[in-house]
Amino acid sequence: MRDRRQGSGLLAACRSFYTREREETAVLLHSIPATVVTLFVVSVISMNLLANKTLLKTDWIALDGGILISWLSFLCMDIITKYFGPKASNRISFLAAAINLLTCVIFYIASAIPSQANDYAAFDSIFGGTWFILLGSTIAFLISAVINNFLNWSIGKAFHRRPDSRLAYAAPAYISTFIGQFLDNFLFSVIVFGFFAPIYWDGFHWTILQCAMCALTGAVAELLMEILFSPIGYRILMRWRAEYVGEAYLEYIKEEW
């Protein structure tokens, strides 16, 4: 009887947690501007596609095409984290990853359908994708996103006297972006080009030095892009606050606290 009561209590707690999480996510999606969410999701999908192409490979450095767009996803996360908090940014990150997985499934199905067109091989190689690239990209992105969001939020607390200043926006964004981008690039490179590629790509691989230099070089390049576009992010943030964007979600989480 006691075990049955404990099981019922655990089931009720799980249902309550699921209901609360679903309601909070629904409120967030109704509150956050669609443009930022759309750009974020598109950047995540684009990163996955561009990661199939190696842009540069030498004895000490290697770069994949994902670095061309990954800065946009981190810029969106910084804006969302600063305004709605790290938990909200994590939710959008997992949503973007889920949509990316669904998109990859659709691309894979399309590539698997026989075609008589002359360009089907090119389509298959680009959009058919490779499962371990998708796996590495998803793992690296989600881990780096969570770390980036909470690091941005934690550093931002140090600017409590002037939370709306440019410095309060820029400093946490730059630090968290550099660390988050480094982790994203490094984890992806090690998983895909260090572990799986030698097995499935006839010995093609990146060394740990190449993975580390790719992560460092990519993080520096993406940090420069963050610095270049951060004024736009800051203006978006100030506009949201001036227009009281997302008040429903902000009030919702206040009630929870």
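**Exercise 1. Find which helix gives the most residues to the lining of the largest pocket.**

Solution. H3 gives the most, with four residues. Helices here are DSSP runs (H or I, at least four residues), numbered from the N terminus. A pocket is an open set of points on a 1 Å grid over the protein atoms alone, where a 1.4 Å probe fits, with protein on both sides within 12 Å along at least five of seven lines; lining residues have an atom within 4 Å of a point.

This is a predicted model: local features need pLDDT of at least 70, side-chain atom pairs count only at pLDDT 80 or more, and totals for chains, interfaces and linings use all residues. Residues are numbered from 1 along each chain as its sequence is written, and side-chain values use heavy atoms, without hydrogens and water.

**Exercise 2. Describe the lining of the second largest pocket by class.**

Solution. Step one: list the residues. Among them are Val36, Trp71, Cys76 and Ile236. Step two: sort them. The lining has 10 nonpolar, no polar and no charged residues. Nonpolar covers Ala, Val, Leu, Ile, Met, Phe, Trp, Tyr, Cys and Pro; charged covers Asp, Glu, Lys and Arg; the others, Gly among them, are polar. Step three: find the main supplier. H3 gives the most, with five residues.

How values were computed. Helix = DSSP H or I, 4+ residues; strand = E, 2+ residues; numbered from the N terminus.
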